[in-house]
Amino acid sequence: MRTPDSGGSAGVGDPADRLARDLADVALGSGPPATVEDAQALQERLAPLVRQEPLDLAGVSLVAGLDVAYSPGDDRLAAAAVVLAAPDWTVVETATAVSRPRFPYVPGLFAFREAPALLEAVAGLRAVPDVWVCDGFGLAHPRRFGLACHIGLALDRPVLGVGKTPFIGRAEPPAAPRGSWSDLEDGGEVVGRCLRTRDGVKPVYVSVGHRVDLDSATELVLRLAPRYRLPEPVREADRHCRARLAAV
DNA sequence: GCGACAG
DNA sequence: ATCTTGTCGC
């Protein structure tokens, strides 16, 4: 039985566990931070909890994709969580949630806008994916704690981020062939990878969210994008959240 | 100080 | 994110 002084791995009284609960509270609606400063401080406290570790790709049979779409007319937004099965990435389950943004769009604080709705959609899923793919960044973030990290810690599952346009850092253009990549560097450290998923087509940016490493993330994204620039989970999630919004 | 800035 | 036509290329 676990007691407060039993020591060892994370218990409910642990600092790490407290932070994880703070994050879940924020993400699930006990209210966003009151100020930009509070939000940034929360990210700084949580960033050290991100873990990078190899992911056994041979054991990956279910992959989830997450994305959000905004309504042109009103202030609604729709989040989608989709699950695809290996090896051909057929969609096997989808869940969506419609809500309103509770935090303004501030570069770097993106997650406080989208994570609540995304986690609401995730809660409607029955499957247990082996790894999750977010539309956005993870460690490639000013405080090394982007959306993919928020989701990763909230779920305590392997998560990686795929961005379409550069946010922070610098990367040399990868060679033209699909599979070529270059380091995305910021402040003297490698925070992600600039990866070419199609011959001669604009690259994507891959970064670690939680419980994966860059090599695993890169290889997985490549496998998830056999035909289009963006990985299938992200494309499907994008398709579903838009459809949900259109479906009044 | 100024510009840049995921979705 | 969203507002937006046609067009070049595989």
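The lining of the largest pocket is made up of seven nonpolar, six polar and four charged residues. Here Ala, Val, Leu, Ile, Met, Phe, Trp, Tyr, Cys and Pro count as nonpolar, Asp, Glu, Lys and Arg as charged, and the others, Gly among them, as polar. This is a predicted model, in which local features need pLDDT of at least 70 and side-chain atom pairs count only at pLDDT 80 or more, while totals for chains, interfaces and linings use all residues. Residues are numbered from 1 along each chain as its sequence is written, chains are lettered from A and ligands numbered from 1 in the order in which they are written, and side-chain values use heavy atoms, with hydrogens and water left out.

**Pocket**

The volume of the largest pocket is about 420 Å³. Its lining has 17 residues, and F110, D135, G136, F137 and T165 are those nearest the pocket centre. A pocket is an open set of points on a 1 Å grid over the protein atoms alone, where a 1.4 Å probe fits, with protein on both sides within 12 Å along at least five of seven lines; lining residues have an atom within 4 Å of a point. Grid points are joined across faces, edges and corners, and the volume is the space filled by probe spheres set on the points.

A residue is near a strand if one of its heavy atoms lies within 4 Å of it. DNA strand B has 15 residues around it, with Y105, G108, F110, K164 and T165 coming nearest. By class, the surface near DNA strand B has seven nonpolar, five polar and three charged residues.

| Residue and atom | Atom of DNA strand B | Distance |
|---|---|---|
| L147, polar backbone atom | base nitrogen | 3.2 Å |
| K164, backbone N or O atom | phosphate oxygen | 3.0 Å |
| T165, side-chain N or O atom | phosphate oxygen | 2.8 Å |

DNA strand C is surrounded by A69, Y70, P72 and K164. The residues near DNA strand C comprise three nonpolar, no polar and one charged.

Helices (H or I, at least four residues) and strands (E, at least two) are DSSP runs, numbered from the N terminus. In α4, seven of nine residues are buried, namely L147, A148, C149, H150, I151, G152 and L153. Buried means under 20% relative accessible area, exposed over 50%, and partly exposed in between (1.4 Å probe, protein chains only).

Just after α4, D156 has a positive phi of about 50°. D156 sits in the loop between α4 (147-155) and β5 (159-163) and, at 40% relative accessibility, is partly exposed. R211 also is not a glycine and has a positive phi, of about 55°; R211 belongs to the loop between β8 (204-210) and α5 (214-224). The A86 to P87 peptide bond is cis, with omega near 5°, and P87 lies in the loop between β2 (77-85) and β3 (90-99). Most residues other than glycine have a negative phi, and most peptide bonds are trans.

**Cysteines**

With a disulfide taken as a pair of cysteine sulfur atoms within 2.5 Å, the count is zero. For C134, the closest cysteine sulfur is in C149 at 9.1 Å, too far for a bond. C134 is buried at 1% relative accessibility, and C194 is buried with a relative accessible area of 3%.

Terms used: Polar contact = N/O pair within 3.5 Å; in protein donor to acceptor, adjacent residues only side chain to side chain.
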